[in-house]
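Let's go through a structure together, one question at a time. Have the sequence and the 3D view open as we talk.

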Amino acid sequence: MKTVREPARDIKVWREVDVVVVGGGPGGVSAAISAARSGAKTVLIERYGHLGGMATGGLVNIIPNLSDITGKQHIYGLTMELLNRLDKRGATSYTKKKDRGSADKKTVDSYLDANLGWFYVRKDLAGQQHVLYSAVVDPEILKTELNDMVLGAGSELLLHSWGTQVIMENNAVKGVFFESKSGRQAILGKVIIDATGDGDLFVAAGAEFDNVCDNKRRTAWLAFVWWMTNINLRKFDKFKASQPEKHKELMQELGKLGGYPFFFKGILKNQPNTVWYHSMQPQPQRTDAMDVEQLTKIDVEARRRAIITHDFMKKYMPGFEKAFIMLTAPQLGTQGGRRIIGEYTLSEKDLESDEIFEDTIAVLANNDYGDISNNHPTLCVPYRCLVPKSVDGLLVAGRAFSSADTINETFNIIPHCIAYGQAAGTAAALAVKAGIEPRKVDYKALRTNLVKQGVNLPKMEKYAPSSAKDDSTKEYYQKYH
Ligand SMILES: Cc1cc2nc3c(=O)[nH]c(=O)nc-3n(C[C@H](O)[C@H](O)[C@H](O)COP(=O)(O)OP(=O)(O)OC[C@H]3O[C@@H](n4cnc5c(N)ncnc54)[C@H](O)[C@@H]3O)c2cc1C
């Protein structure tokens with residue numbers, strides 16, 4: 001391969017701070033908010049002109065799995081703060097409190113009607129469907145709320161800034177180089193948080209990571225998400241119900257032409273008559289989510305197929321006559337990718353262990369593993385999943401947390417990434433205050449701080465040692481969950 005040598009040059013240091021967060025998705029935003037609220041001088045940099053990552057720029061606006069199938073809520077903390085803020089603006093819709101956990105057929109069907117079954121409904125051991133606590137959010141209003149939350153917390157924010165390289169001293173990250181219209185600059189920090197989703201910084205830092213992903217998994221597929229509006233959904237529903245064969249025929253024809261036959265009915269209460277297309281794009285090779293030539297090809301192809309869909313639906317599908325494309329996601333959807341090898345790697349065995357780790361930073365509903373989920377409705381995530389095994393000065397917030405691909409696909413979603421970010425930001429601030437490496441943060445202090453921030457964690461005083469799986473531990477666990 002032909003190469004050229006880049007000349008060495010002096011780079012302006014734009015800021016020297018306590019915590020630098022790179023990437024402003026669910027993980028990064030919550031890391032910056034919690035680091036700043038915990039008293040650390042914090043900067044958040046984001047490559048695009050808005051915050052939210054996939055949740056806004058990827059048009060992925062469904063916040064599922066806030067509860068288990070009994071309707072018991074597990075996710076609190078910054079996710080709830082955000083949803084409450086959006087609710088005040090009429091910018092979120094969610095399953096009604098009285099419906100959560102319900103197996104009533106009419107209630108379940110009312111949620112399935114929007115084709116949002118996977119997000120809103122799960123089966124119990126007897127095969128009966130139950131409604132979960134899940135929400136959808138308006139991505140445009142979310143962008144502004146996130147700006148307000150980050151700046152309101154006291155963090156500095158730099159948009160349009162692409163983190164490109166790390167500054168290393170021996171084995172520790174001490175800062176980042178970033179590129180923007182102002183040129184190449186540096187930020188120095190005591191703790192750097194990689195919230196790029198793709199692990200751009202931990203790769204640059206030479207940390208060990210895992211990139212294995214079964215091509216059949218959701219996480220191995222890219223997605224081009226786009227929305228169509230001005231649709232008469234009542235007319236469409238009537239047509240589908242009265243002429244199911246004709247509807248099926250039309251959808252098959254669209255599929256043959258290369259269009260996308262499947263959509264979700266948008267259920268944001270402030271945006272009626274809108275549908276959402278999550279157009280999945282297979283990747284020929286697993287590494288393609290990081291290959292700019294492949295990303296370009298996929299974007300071009302997905303847009304072509306979206307226009308085929310648009311033209312066909314307008315011409316042939318009752319209810320779509322006046323439809324138009326309202327929005328295409330500025331950001332191609334990456335569902336999974338590189339994952340840090342951390343001090344602890346979450347794997348399938350954790351789904352059944354019921355272990356309450358001493359460094360638990362999140363309790364998540366375990367909804368997606370059939371019988372296992374029914375018998376073990378929650379999963380604890382340890383802080384060590386955010387701590388790189390081999391590099392200092394660095395934490396990982398978001399979907400690249402240390403996890404096997406078998407488990408990453410179900411525990412890398414938005415509320416989970418917010419929880420990881422909240423923990424990473426809080427831990428970074430504690431490390432700075434104590435003048436220690438993030439891996440040395442006192443677990444009890446971290447838990448206490450997270451609970452003070454409204455995070456749902458198991459009661460503090462009775463943590464099981466990591467090896468204990470005796471009945472009293474289980475009883476205790478069940479009592480508090
Ligand atoms: C099609 C699709 C459907 C999904 N469905 C759902 C769903 O229904 N519900 C759900 O909860 N989750 C869903 N997910 C998953 C969810 O979107 C992600 O898990 C979540 O957004 C991950 O958050 P994150 O902060 O780790 O990463 P991201 O959301 O990817 O955010 C990373 C941020 O970092 C920025 N960035 C990246 N590299 C750099 C860099 N070098 N310098 C500066 N900034 C950088 C990006 O621009 C982005 O803002 C879906 C994902 C996709 C793609």
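Q: How do I read the length of a helix, say α2, and what span is expected for it?
A: Helices here are DSSP runs of H or I with at least four residues, strands are runs of E with at least two, and both are numbered from the N terminus. The expected span of a helix is 1.5 Å times one less than its number of residues. Helix α2 covers residues 77-88, twelve residues, and reaches 17 Å from its first C-alpha to its last, close to the expected 16 Å. Keep in mind that this is a predicted model, where local features need pLDDT of at least 70 and side-chain atom pairs count only at pLDDT 80 or more, while totals for chains, interfaces and linings use all residues. Residues are numbered from 1 along each chain as its sequence is written.

Q: Which residues of α2 are buried?
A: Start with the general idea: an α-helix has 3.6 residues a turn, so residues three or four places apart point the same way. A residue is buried if 20 or more other C-beta atoms lie within 10 Å of its own, exposed if 12 or fewer, and partly exposed in between, with C-beta atoms placed from the backbone. In α2, the buried ones are G77, L78, T79, L82 and L86. Their cover includes α1, β3, β4 (92-94), β7 (135-137), α5 (139-152) and α13. Just after the helix, G90 takes a positive phi of about 70°.

Q: Why does L86 count as buried?
A: L86 has 21 other C-beta atoms within 10 Å, so it is buried. Two residues are in contact if their C-beta atoms, placed from the backbone, lie within 7 Å. Leaving aside neighbours within four places in sequence, L86 is in contact with A91, T92, V137, D138, I141, L142 and E145.

Q: Where is D68, and is D68 buried or exposed?
A: D68 sits in the loop between β3 and α2. With 25 C-beta neighbours inside 10 Å, D68 counts as buried. Beyond its neighbours within four places in sequence, D68 is in contact with H74, A365, N367, P377 and T378.

Q: What about α13, how many of its residues are buried?
A: In α13, 19 of the 21 residues are buried, so the helix is mostly covered. From first C-alpha to last, α13 reaches 30 Å, close to the 30 Å expected. Just after α13, G435 has a positive phi of about 65°.

Q: Which residues touch the most other members of the largest nonpolar core?
A: A nonpolar core is a set of buried Ala, Val, Leu, Ile, Met, Phe, Trp, Tyr and Cys residues joined through C-beta atoms within 7 Å. The largest one has 131 residues, and V19, I193, L386, L395 and A428 touch the most other members. α13 gives the most to this core, 13 residues. Both domain 1 and domain 2 supply at least three residues each to this core. As for L386, its contacts beyond four places in sequence are G342, L395, V396, A397, F401, Y420, A423 and A424.

Q: What are those domains, and how many residues does each give to their contact?
A: Domain bounds come from an automatic or database domain assignment. The chain is divided into domain 1 (9-102 + 132-217 + 336-481) and domain 2 (222-334). Their centres, taken over C-alpha atoms, are 31 Å apart. The contact takes 17 residues from domain 1 and 17 residues from domain 2.

Q: Why does the ligand lie between the domains?
A: Both domains give residues to the shell around the ligand, so it lies between them. A residue is near a molecule if its C-beta atom, placed from the backbone, lies within 6 Å of it. The ligand is surrounded by 39 residues, and the closest are G23, G25, G53, G333 and G398. α1 supplies the largest share, three residues.

Q: Which classes make up that shell?
A: Ala, Val, Leu, Ile, Met, Phe, Trp, Tyr, Cys and Pro count as nonpolar, Asp, Glu, Lys and Arg as charged, and the others, Gly among them, as polar. The shell has 18 nonpolar, 16 polar and five charged residues.

Q: Where is N230, and what is its phi?
A: N230 is in the loop between β13 and α7 (233-242). Its phi is positive, about 65°, although N230 is not a glycine. N230 counts as partly exposed, with 13 C-beta neighbours inside 10 Å.
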